[in-house]
Amino acid sequence: MQKTTKDKTYRSAFIAASLIIVAIIVGATLLYIRATNNNMDQAVNTLSSFYMEELLGKREVVLKDALNRDFELLGRVVALIGTKEIQDQASLRKVLLFSQTLYGAKKLAMVDEDNTIYTAHSTFSDASRYAFLQKDFTEPRIVTSNLYGAKKQVVLAIPVEGIRVLGKRIIACFIQLDIDDVAGSLTSDNVNSSGKVFIGLYYKNGENLTTSKFDEIDSKQNLIKFIQKALLLAGQDSSKIGTSFHKGEKGLVTIKSADDIKYIYYSPVENTDWMLTVMVHDNTIADQLGNISRRILQRNVFQLISTMVFLIAMFLLIGSLYKRNGDIRRRHQELQIKARNEREQKMRLEEIATMAKAANMAKTNFLNSMSHDIRTPMNAIIGYTAMAKRYSDNSKVEDYLGKIDVSGRQLLSLVNQVLEMSRIESGKIVLSEEPADLVEKANAVRTIIAADCNMKNISFTIDTSGIVHKDVIQDVSRVNQIISNILGNAVKYTPEGGSISCTAVEKPWDKEGYGLYEIMVKDTGIGMSDEFLKHIFEEFSREKTSTISRIQGTGLGMSIVKKLVDLMGGDIDIQSTPGQGTVVTVSIPMKWDDVSRRRETEAQNLEAVDFRGKRLLLVEDNEMNREIASDILMESGFVVETAEDGLIAVEKVSNSVDSGKPGYYDVILMDIQMPRMNGFEATQAIRAILVAQDVHVPIIALSANAFEEDRQKSLEAGMDDHVAKPIDVQKLKETLAKYLRH
Amino acid sequence: MYVFQTIRQLTQFCGKEFLKVTIVARNHTFFKAPLWMISGRIAELVFSAVLSCVLLCVGCNRESQGGVKGNVRSGAVASVTKTSDVVTFQHTLDGYEPLKGVYNLYFTYKIVHPWWDAVALGMEDAIEQYSQRGITINHVYLAPKSVSAADQIARIQEAARQNYDVIGVDVADIDLLTPVMNQLIDGGAKIMTFSSSDAPREIGCKRIAYVGNTHNYQDGKALTEVLCKKLAYKGQVAILVGSKGAPCHEDRARGAREVLSKYPDMEIVDVAYDEDSIDIAYSLTEQFLERHPDLSGMICCNMSNPVGAARAVVQAKKADRISIVGMDHDQEALEYLRDGIIYALGVQDCYAIGFDTIQTAIKLADGILPSESTYPEKTDEKTTIVFQDGAADVLMVLYGKVD
């Protein structure tokens, strides 16, 4: 109720305001119009001369242009002939006729020094009409004269040089104008209720140049005398008009009579002795001005009405907008509340995300620490077990050691898998694409799997005949991991007497230099249900059957396989029937390798290196690992010195430099995670010392962190290479050989 | 022409109306179409047909514009009654249809002089009118700077060699030109005479036709009569002839002498040849005035010498004592006439001379010879004596001069 009353009040206010403003505008306009009308007479007088001058000005331009065009035409005609001797009249006539046709000139002629005139159709002598051309004619001229028969002759002539006809020199080329036509083209066709604008062409002595009347003034009447007479009759001063006209001045004469006022405006025509005149009657001007002012008034009224309509529309619009203002305000408040809620929700989500990140980071750090803390003792277990086996001659002890070794490796494998999964989830897996021989790798896999199959009496076949390009560039270790996982599962879940086949074929792929390698593993195992297949790639998923429950596994294998296949841009498909078997097909695109160049390089690498006498600094904080590594290296012929942490390693290098032996050590093996100074820091320090001596000592990382990104970190820290723990002796030797060959 | 056009339009209109009626009849049977429509159409058609017939009859009775008839004009010398009669500038071509599309005409005259410039204007207007009808006339109109029969002979011989359709001559010397013209005519050239001087057949010239002044002798007589009357048939008179041997000048002088010989109290005290030069006429007049202090009149037989004579008389401040009569339409002479310095001028219609010369030449070029049914052998152009009261009008007519 309150709102409605308020709205009504607003509306009334707006309407009232609109009406007041409109009234003000109307009133002001009417006052203005009245004032304008009062000044009309004054305006007419003032505007008359401008109007006349404007009328004449335009015609003067037209006339001047016409004369200039004619002079140009004459120039072109003369240019057309050029400078030549014309032998006969016929030739000259031909040229003149051609020029007349070409340029549209009607009376074109040439004059020789004897005043013989040549036109397109005639040759004639002349005593009087063109005699002026013989006298001092050096510049273009316009000459007007009265001829026998009261004809007005207007000639535009230009001097000519270089043309001769029948031995006589041509002195001029001219056009004879029809001055009545010229004057006629200047006459206005504007006819209004009172009459038209009259245009005249006169000599400066007042004689008409044409045969046309100038309004009521006969063509044979002298204009000056007419005006003087008219002024005298009207009691006006007539003394100045004659002089003004003779002098060729511009001027306006107003002749007032009882019933009319005539305005005659005159102006000289450049380069001639002509005067261009215009006559307009007063009522003509008044009518013109009246028309103009009427149009202005109409325009003003239209503008006024438009403005009023516009203002009214605006006010109505504002009023209606204001009426809805309440809704807008409410809506605005709702939106504000909504925005505030969204902001709060966003903040909460950000907090959760931060917590999740922190948790994830904590998990990653935990896993990294765990990786190192678990791997290090595992390294010791596996290492010492291997050494114990070497020195044992008791078969039972060997058996126990063998089982310890197997369990240790299984545990290591489990840890690796968990870590692998964690790294994959964190997006930290980086493929290390290197050249590899697929067939060779397949054979290696065959060896491993065959052994497991033999134990369960499972027939196992690998067929790589379908591979065309066996040399590829790919992270084959990951491919190996994939296939090993799948084959491992096949072996695990195929009962005794079953069969497993692995077939690898190469198919064409879109990218040039690439092939799509399809590896199909088929087994006659226990199979999987359709329900389980939906979850097979989920982490820690295992089908809950009595059979499965007796088989060891973490449930991470296929998750890892799926993630790795996706990382490689490949595809995996599983078809399985419970009780019958499973077919797993993995398709991975791989780039073909240019083998020949690579083999040359590899051949160099295989060259044997003698490690005897080479001094090696082993930097390892763990005593057991230090002992194992030292033994292995000393057996290979190295002179091994050790350092318990990075700081000691730096001191030793520094001492060697101080004692004048910067290249004392041939190679340094550097662990990464050490107290006081870790491997990266020690490497940077050692590099700084040795660079100053311009010496480079290979530093090889020896680390439980075995992933590609760890290797990259080592290289970024200044190390030359990276070897993973547990130590692969052969790989370590190859790596050392690479850096100690020279 | 307009009548025929009108008849043609009416006929077309009738035809269309008839067609409308037939269409109406075809599309609407008489049973279906309203009667008023058909009746109206038929009434229109009948009315149009009747009107056409009437107009056709009227047109037939109208005097034909075609046909070749001579330009017959009176050669009488007359006083001015209307200024418009002195010179007629509104000429239109006669109805003769030329046979060719292009003509080559050659004209030569006595001397380069404004009088012949006036003749040329008439010629050019005639040529322009032929041009508007699609007929091209190439013409030569040349003269020497001083009268020369030899020059004329050379010119007409050259013209004959160049095979002009017609050769026109304003004869400088009858005796010298006649045998040459005859020879050329015998050789096939078509020669006519024109403007001021003829070599008539009566003296043995074979020229085919003449357009111009045939009454120079009478002009001289008439002017002299006027002067004698002015002088009350008493006084001393001098004659300025013009060019020696020029037939028109000599004829006028001869006429003057004959008239003066009639009045015993009129005495010819001096005769001289000014060779058609104003300056020579001026100095000769000065001499006359010096030699003959009682001189009361002068007879000037051409266009230039009245101007020279008037100037000299004015210079000598004897305008009130000496009456001058002369020939032609020089603007200065007319102004002297207007101002009372010259008493009378015999104005020839030079424009008509030029206009009619072309018309005659075209017919001659087409091989049409003068006869009763074609054109006169001599086309005589008028001379009108103008006095002071007519001078202003003549000035206006000839030169557009207004006081």
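Between chain A and chain B the count is two salt bridges, a salt bridge being a side-chain nitrogen of Lys or Arg within 4 Å of a carboxyl oxygen of Asp or Glu. In one salt bridge, the side chain of Asp114(A) meets that of Lys145(B), at 3.6 Å from N to O.

Before I go on, please keep in mind that this is a predicted model, in which local features need pLDDT of at least 70 and side-chain atom pairs count only at pLDDT 80 or more, while totals for chains, interfaces and linings use all residues. Residues are numbered from 1 along each chain as its sequence is written, chains are lettered from A in the order in which they are written, and side-chain values use heavy atoms, with hydrogens and water left out.

Now to the interface as a whole. With contact taken as heavy atoms within 4.5 Å, 24 residues of chain A touch 34 residues of chain B. The two chains bury about 2300 Å² between them, 55% of it on carbon and sulfur atoms, where buried area is the accessible area (1.4 Å probe) lost on putting the two parts together, summed over both. On the chain A side, Ser125(A), Tyr148(A) and Lys220(A) lose the most area to chain B, together 33% of what that side buries.

Finally, the strands, which are DSSP runs of at least two residues, numbered from the N terminus. Strand E4(A) pairs with strand E3 (residues 136–142) of chain B in the parallel sense over three bridges, pairing being called if DSSP finds at least two bridges.

How values were computed
Helices (H or I, at least four residues) and strands (E, at least two) are DSSP runs, numbered from the N terminus.
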